[in-house]
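Subject: Structure handover

Hello,

Here is the structure for your files. My notes on it follow below.

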Amino acid sequence: VEHRAFSIEQSSISEEERIVNLAFSSEEEYARANGGEILDHSPESVLLDRMTDGAPVLVDHDPTDHVGVVEKAAIDGDKIGRAQVRFGRSKRATEIFQDIVDGIRKSVSVGYKVLETVVERDAVGEDPGAYRVTRWQPIEVSLVSIPADSTVGVGRNETLIKEETNLVLSEFKCPTTIN
């Protein structure tokens, strides 16, 4: 499992409705073991069906720690993936939501499947090159304690990279709005 981080802005939280607007992806190049990875944000590249069908909001990508649901998701004109998420009323969901409101939990990550890639830049010398993910499917949003890519989510943090099979998790940090 690999991670990229995004941040949640305090102004994007509705305490009364238990809703948070957040960014979950961007085209920022991220260093992977096999070169830089760029998630293409053209409308035809991102399959949002699972996100718009109530994808889970998890804690640290743990499928047993389900605290909310994605209510809306879109790729905006600025090529940022954004979502509106709603938190449950369980004790755990309330605890996590309160940490977001209090500015304790700031980092967001998205789990996604890579479906197609193309070479963006060939490897030359010390540069390992880069590939563009031209078809991908986000499947979950997570609130994480240690993000990898601090360019996007709720704060700037250290790098953490883990590898696992075909599931890739990305985290991002940036301001958010969704209609």
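A residue is called buried here when its relative accessible area is under 20%, exposed when it is over 50%, and partly exposed in between (1.4 Å probe, protein chains only). By that rule, 52% of the 179 residues of the protein chain count as buried. This is a predicted model, in which local features need pLDDT of at least 70 and side-chain atom pairs count only at pLDDT 80 or more, while totals for chains, interfaces and linings use all residues. Residues are numbered from 1 along each chain as its sequence is written, and side-chain values use heavy atoms, with hydrogens and water left out.

Overall make-up

The protein chain has 2 helices and 11 strands; these are DSSP runs numbered from the N terminus, with at least four residues of H or I for a helix and at least two of E for a strand. Their order from the N terminus is β-β-β-β-β-α-β-β-β-α-β-β-β. With a contact meaning heavy atoms within 4.5 Å, 71% of the contacts between residues at least 6 apart in sequence join residues at least 24 apart.

Strands pair if DSSP finds at least two bridges between them. Strand 6 (residues 56-59) runs antiparallel to strand 7 (residues 62-75), and 4 bridges join them. Val59 has Asp62 of strand 7 as its bridge partner. The hairpin of these strands leaves 2 residues between them, and Asp60 in the turn has a positive phi of about 50 degrees.

Strand 7 also pairs with strand 8 (residues 81-87), in the antiparallel sense and over 7 bridges. Here Ala74 has Arg82 of strand 8 as its bridge partner. This hairpin has 5 residues between the strands, and Lys79 takes a positive phi near 65 degrees.

Aromatic pairs

Rings of Phe, Tyr and Trp (its six-membered ring) pair if their centres lie within 6.5 Å; planes under 30 degrees apart are stacked, over 60 edge-to-face, and the rest tilted. The whole structure holds 2 aromatic pairs.

- Phe87 and Phe97 have ring centres 5.3 Å apart and planes at 45 degrees, so the pair is tilted. Phe87 lies in strand 8 and Phe97 in helix 2 (residues 91-101), so the pair ties together parts 10 residues apart in sequence. Phe87 is buried at 3% relative accessibility, and Phe97 is buried at 4%.
- Tyr112 and Trp136 have ring centres 5.3 Å apart and planes at 70 degrees, so this pair is edge-to-face. Tyr112 lies in strand 9 (residues 107-121) and Trp136 in strand 10 (residues 130-144), so parts 24 residues apart in sequence are tied together. Tyr112 is buried at 0% relative accessibility, and Trp136 is buried at 0%.

Regards
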